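Here is a briefing for a reader new to this structure.

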Amino acid sequence: MEREDPLEKFERRESERKANGPLKTVMYVMIVVAVALAAALAYVLVSKNSLVEELNFEKMELAAQLDSLQADYEGLSSEYDTINAQLDSSREEVAQLIERVKKTEATNRAKIRQYEKELGTLRSIMRGYIVQIDSLNTLNHKLTVEAATARREAAEHRRKSEELTAEVETLSGKVATGSVIKARALNVIAYNSNSKSIDRASKVVKLLCNLTLIENDLAPKGPVRVYVRVTAPDGTLLRDGNGDSFELDGKLLEATASREVDYNGNELEVGIYVNNISSFMPGIYTVKAYTVQSALGSTELLLR
């Protein structure tokens with residue numbers, strides 16, 4: 001075998017090296033790129049797995065918080081129908097949100113973030129319910145105490161009012177009784193045509209009824225009409241045409257004669273004539289005097 005010339009061998013190798021150099025470079029670059037891609041892919045896979053785990057954890061934490069919120073809502077109660085209706089509505093919202101979270105993939109970050117906001121809103125609403133219920137309970141307790149106090153005070157006022165009313169009625173009764181005009185010294189005189197007092201019936205032309213209204217500071221002052229009723233022996237009422245009628249204790253009575261006087265609370269003598277009677281029969285005549293307040297008295301006259 002012929003031995004290769006060292007110089008030719010070197011030149012040959014140098015020529016081969018130059019011919020294979022770019023190919024090796026490309027190969028090295030591809031190896032490096034492949035390694036980089038493999039590393040990047042591994043990083044992406046690891047990052048994705050880590051993100052998925054993180055999102056799953058967030059979803060689980062969100063679900064746990066919703067379960068806790070649901071339990072809190074169940075523990076709320078109120079004595080007010082309006083708040084109870086609102087609580088029922090909020091409980092239904094929590095239940096629906098729990099179902100939506102269960103059906104949503106953890107990787108749907110937009111939905112998860114939306115549900116977290118809804119959770120925060122429902123928590124705020126619940127805090128509002130708690131404040132409102134506490135305020136209403138405090139107010140209700142205060143009103144209950146005030147109502148009890150008011151009832152006691154009302155009962156006391158009612159008792160005092162009843163006592164005062166009874167006292168006023170008693171005093172009013174006494175005043176009313178004391179304010180009635182009374183009379184004394186009622187008497188009747190028969191006169192003939194010469195204005196002389198007589199007792200013979202056939203000669204009598206008129207009667208004079210005298211009485212004295214006694215002093216009474218409680219009695220109303222002013223005009224007072226005094227009525228007399230004269231009953232003949234046969235029971236008929238004498239009528240002189242000027243007697244008028246008056247009401248006493250709900251009964252309408254006809255008077256034989258009447259006269260209006262000005263009473264000022266002092267003692268006052270009153271005379272009332274009975275005229276225009278065609279004739280008088282013998283016997284006993286009954287005379288009674290009145291005001292619209294009460295009877296003033298009665299007396300009798302005997303004519304022969």
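Arginine 159 has a relative accessibility of 36%, so it counts as partly exposed (buried means under 20% relative accessible area, exposed over 50%, partly exposed in between, with a 1.4 Å probe and protein chains only). This is a predicted model, in which local features need pLDDT of at least 70, side-chain atom pairs count only at pLDDT 80 or more, and totals for chains, interfaces and linings use all residues. Residues are numbered from 1 along each chain as its sequence is written, and side-chain values use heavy atoms, with hydrogens and water left out.

**Salt bridges within helices**

- Side chains of opposite charge can pair when their charged atoms come close.
- The model has 11 salt bridges (a side-chain nitrogen of Lys or Arg within 4 Å of a carboxyl oxygen of Asp or Glu).
- Arginine 159 forms a salt bridge with glutamate 163, at 2.6 Å from N to O.
- Both residues lie in helix α3 (residues 109-178), four residues apart, or about one turn of the helix (helices are DSSP runs of H or I with at least four residues, strands are runs of E with at least two, and numbering starts at the N terminus).
- Glutamate 163 is partly exposed, with a relative accessible area of 45%.
- Arginine 91 forms a salt bridge with aspartate 88, and the closest N and O atoms are 2.8 Å apart.
- Arginine 91 and aspartate 88 are three residues apart in helix α2 (residues 81-103), so about one helical turn separates them.
- Arginine 91 counts as buried at 17% relative accessibility, whereas aspartate 88 is partly exposed at 46%.

**A salt bridge between distant parts of the chain**

- Arginine 239 and glutamate 254 meet through their side chains in a salt bridge of 2.9 Å, N to O.
- This pair links distant parts of the chain, 15 residues apart: arginine 239 is in the loop between β3 (222-231) and β4 (245-248), and glutamate 254 is in strand β5 (residues 251-254).
- Arginine 239 is partly exposed at 48% relative accessibility, and glutamate 254 is partly exposed at 33%.

**The open sheet**

- Three strands, in the order β1-β2-β7, form an open sheet with antiparallel pairing (two strands pair if DSSP finds at least two bridges between them).
- β1 (183-191) and β7 (268-274) are at the edges with a single partner strand each, so one side of each has no neighbour in the sheet.
- β1 pairs with strand β2 (residues 206-213) in the antiparallel sense over seven bridges.
- Valine 188 stands opposite cysteine 209 in β2.
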